[in-house]
Amino acid sequence: MNTPQIQEDEQTHIDAFNARISSGKTIEPKDWMPQKYRKQLLRMMSQHAHSEVVGMLPEGNWLTRAPSLMRKAVLLAKIQDEAGHGLYIYSGAETLGTDRAEMIDQLLTGKAKYASIFNYPTLNWADMGAVGWLVDGAAIVNQTALAKCSYGPYSRAMIRICKEENFHSKQGYQIMAHMMRGTKEQREMAQDAVNRFWWPVLMMFGPSDADSPNSDDLMKWKVKLYSNDDLRQRFIDRTVPQAEAIGVKIPDDKLKWNPTTRHYEFGEINFDELKSVITGNGPCNKLRMKQRNDAHKNGAWVREAAVAYAEKKSKA
Amino acid sequence: METNIALYKYCVRIADTSLILAQRMCEWCGHGPVLEEDIAMSNMGLDLIGQARGFYSYAAKLEGKGRTEDDIAYFRNEREFLNRCLVEQPNTDFAYTMMRSFLHGCLSYLQFRTLVKSKDDTIAGLSEKALKEMTYHVRHASEWIIRLGDGTDVSHQKIKSALENLWQFTDELFEMDEVDQTLIKSGIACDLSLLRAEWDQMVNEVLAKAKLVRPTAGGYQSKGGFNGAHTEHLGHLLSEMQYLPRAYPDAIW
């Protein structure tokens with residue numbers, strides 16, 4: 001069936017698609033797009049949505065133990081935002097032709113991934129500070145870049161989500177600042193949290209550019225606008241002074257300011273650990289998957305009841 | 001009874017009831033049957049925490065000893081908590097959770113609807129905000145009770161079981177003592193006995209739509225949550241909720 005006419009049509013589509021991207025216009029759901037572009041965006045958006053939903057778990061772990069009513073309310077509002085982001089991005093991803101149930105099924109069966117960071121445990125209250133400040137801080141750096149991506153629904157979702165992530169990061173930093181001004185035990189909790197989260201957060205930006213496959217096409221199509229290493233550097237540069245301001249130590253002996261490059265230099269990231277966590281062997285991979293699967297399984301009868309009731313009503 | 005002492009206790013009862021239910025809602029976070037319900041339950045949890053904070057802050061002000069909302073919430077033991085026992089009952093499953101929210105919500109809605117006319121301006125103001133919230137909570141829970149009752153055989157059994165097991169905590173919702181009597185006289189509090197008929201009507205209507213039979217009177221009914229007589233569940237809830245401030249009393253969070 002690969003007739004010259006079809007090839008010509010295909011080429012016309014590709015040219016128009018490329019021209020649209022070069023001119024800075026967004027690609028919208030009904031526009032023609034290469035299969036590879038559609039597949040890549042679906043992968044990114046569904047992973048992103050899964051990350052929001054799985055990300056509710058490590059913070060939910062401290063919700064019932066939040067040490068003040070204000071902190072409880074702020075944390076609950078933050079986690080609720082994450083659920084909202086998940087819902088919003090799932091809807092965005094659905095515009096690419098796969099429905100939410102199918103994406104969730106891919107998550108629950110382990111076919112789809114989510115952010116590696118959520119496979120680390122939250123072990124003390126300061127972790128709520130570290131997660132907000134560092135994890136959401138890293139997410140903001142990533143998502144600010146994604147807000148300029150070429151796929152309209154994703155780009156618009158990111159603009160809206162970044163506003164909320166800014167609040168999340170600030171509340172996390174505020175928790176850390178409070179802890180660092182607090183008692184000796186509180187300072188120890190804060191330092192312990194940063195010690196455990198710093199390196200896994202740097203891994204959130206993915207492998208180093210030399211080992212990052214697929215990046216060329218993604219850059220050309222403005223699915224990705226900056227490299228993993230660029231974004232990681234941007235995060236480090238903005239975060240180190242924040243750590244200094246509250247007196248928490250970044251656990252990296254090689255970390256130092258380079259006045260010539262005007263960037264921080266930092267130690268070697270253990271990418272074997274990232275690989276290991278991504279392939280299912282992090283400290284909480286099994287727990288997180290069990291928690292999501294249990295929630296899905298335990299909620300099945302509720303969803304079935306809602307469908308059965310709606311069907312009865314539509315017949316009535 | 002002095003009005004201020006009665007008013008303090010009245011506010012703490014409302015705040016405790018809201019906070020304990022909020023804590024139960026927090027337990028669901030990330031584990032809901034569908035993402036939309038995670039969002040809804042978080043939303044209701046947030047409303048309830050807000051109600052608790054408002055009434056605790058007012059109670060602390062009335063008490064005038066410089067305590068804060070957190071001092072009241074985190075540094076009292078089971079016997080000092082004045083919530084209705086219904087709200088401390090465990091989540092068990094989504095049916096229990098919705099039934100608990102519904103039975104409590106109907107009364108809370110009616111109570112705040114009356115309290116917006118309270119002669120105490122702070123109570124009236126706090127109630128105005130809470131009334132809007134409870135209107136939504138009741139609607140949300142009612143819709144689910146109807147869906148579950150008239151959904152599948154499994155969902156019907158589960159919501160039926162929730163109703164039958166939680167019913168023993170419903171009479172207690174209407175309990176009153178000299179705190180209420182003192183404040184009713186001065187036009188501050190509302191007479192819960194006057195709300196019973198309307199509560200019955202709200203409940204009966206939803207149960208009928210859900211094809212559920214209202215449990216008959218005569219079984220065991222719990223008493224005295226609002227004066228500190230609780231079920232076994234509250235102690236566990238509080239030990240989790242209060243752990244950090246109790247373990248580090250000098251810390252400011």
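Start by selecting B:L212: setting aside residues up to four places away in sequence, B:L212 touches B:G149, B:I159, B:K160, B:L163 and B:L207. Bear in mind as you look around that this is a predicted model. You'll find B:L212 in the loop between α9 (196-209) and α10 of chain B. Is B:L212 buried or exposed? Count the C-beta atoms within 10 Å and you get 23 others, so B:L212 is buried. B:L212 and B:M41 are 171 residues apart along the chain, and their C-alpha atoms are separated by 24 Å.

Next, click on B:K211, which is also in the loop between α9 and α10 of chain B. With 13 other C-beta atoms within 10 Å, B:K211 is partly exposed. Check the backbone here too: B:K211 isn't a glycine, yet its phi is positive, at about 60 degrees. For background, most residues other than glycine have a negative phi.

**Zoom out to chain B**

As for contacts in chain B between residues at least 6 apart in sequence, 76% of them join residues at least 24 apart.

**Into the core**

Now pick out A:M176, B:C11, B:A59, B:M99 and B:I145. These are the residues with the most contacts inside the largest nonpolar core, which has 163 residues. The largest share of this core comes from α1(B), with 15 residues. Centre the view on B:I145 and look past its neighbours within four places in sequence: B:I145 is in contact with B:M98, B:M99, B:F102, B:I159, B:V206 and B:A210.

**Where the chains meet**

Show both chains together. The contact takes 42 residues from chain B and 38 residues from chain A. On the side of chain B that touches chain A, the elements giving two or more residues include α1 (3-28), α2 (35-63) and α6 (121-149) of chain B. Which element gives the most to that side? Highlight α2(B), which gives the most, with 11 residues. Colour the side of chain B that touches chain A by residue type and you'll get 21 nonpolar, 11 polar and 10 charged.

**Over to chain A**

Hide chain B for now. The secondary structure of chain A comes to 13 helices and two strands. With 316 residues, a compact globule would have a radius of gyration near 20 Å, and chain A has 21 Å, which agrees. The C-alpha trace of chain A spans about 75 × 65 × 35 Å along its principal axes. Buried residues make up 41% of the 316 residues in chain A.

Select helix α4 (residues 69-94) and helix α7 (residues 152-180) of chain A. The two helices pack at an angle of about 170 degrees, with their axes 11 Å apart. That angle makes α4(A) roughly antiparallel to α7(A). Show side chains where they meet: among the residues involved are A:V74, A:H85 and A:I89 in α4(A), and A:Y154, A:I161 and A:H168 in α7(A). The residues of this contact divide into seven nonpolar, four polar and three charged.

**Last two stops**

Go to A:R262, in the loop between β1 (256-258) and β2 (263-265) of chain A. A:R262 has 8 C-beta neighbours inside 10 Å, so it counts as exposed. Its phi is near 60 degrees, a positive value in a residue other than glycine.

Finish at A:L287, in helix α12 (residues 285-298) of chain A. A:L287 is partly exposed, with 14 other C-beta atoms within 10 Å. Draw a distance from A:L287 to A:R65, 222 residues apart along the chain, and you'll find their C-alpha atoms separated by 20 Å.

Definitions and conventions: Residues are numbered from 1 along each chain as its sequence is written. Chains are lettered from A and ligands numbered from 1 in the order in which they are written. This is a predicted model: local features need pLDDT of at least 70, side-chain atom pairs count only at pLDDT 80 or more; totals for chains, interfaces and linings use all residues. Helices (H or I, at least four residues) and strands (E, at least two) are DSSP runs, numbered from the N terminus. The radius of gyration is taken over C-alpha atoms; the globule rule is 2.2 Å times the number of residues to the power 0.38. A residue is buried if 20 or more other C-beta atoms lie within 10 Å of its own, exposed if 12 or fewer, and partly exposed in between; C-beta atoms are placed from the backbone. Two residues are in contact if their C-beta atoms, placed from the backbone, lie within 7 Å. Ala, Val, Leu, Ile, Met, Phe, Trp, Tyr, Cys and Pro count as nonpolar, Asp, Glu, Lys and Arg as charged, and the others, Gly among them, as polar. Axes are lines fitted to C-alpha atoms, for helices over the stretch in contact, and angles run from 0 to 180 degrees between N-to-C directions. Angles under 35 degrees count as roughly parallel, over 145 as roughly antiparallel, 65 to 115 as roughly perpendicular and the rest as oblique. A nonpolar core is a set of buried Ala, Val, Leu, Ile, Met, Phe, Trp, Tyr and Cys residues joined through C-beta atoms within 7 Å.
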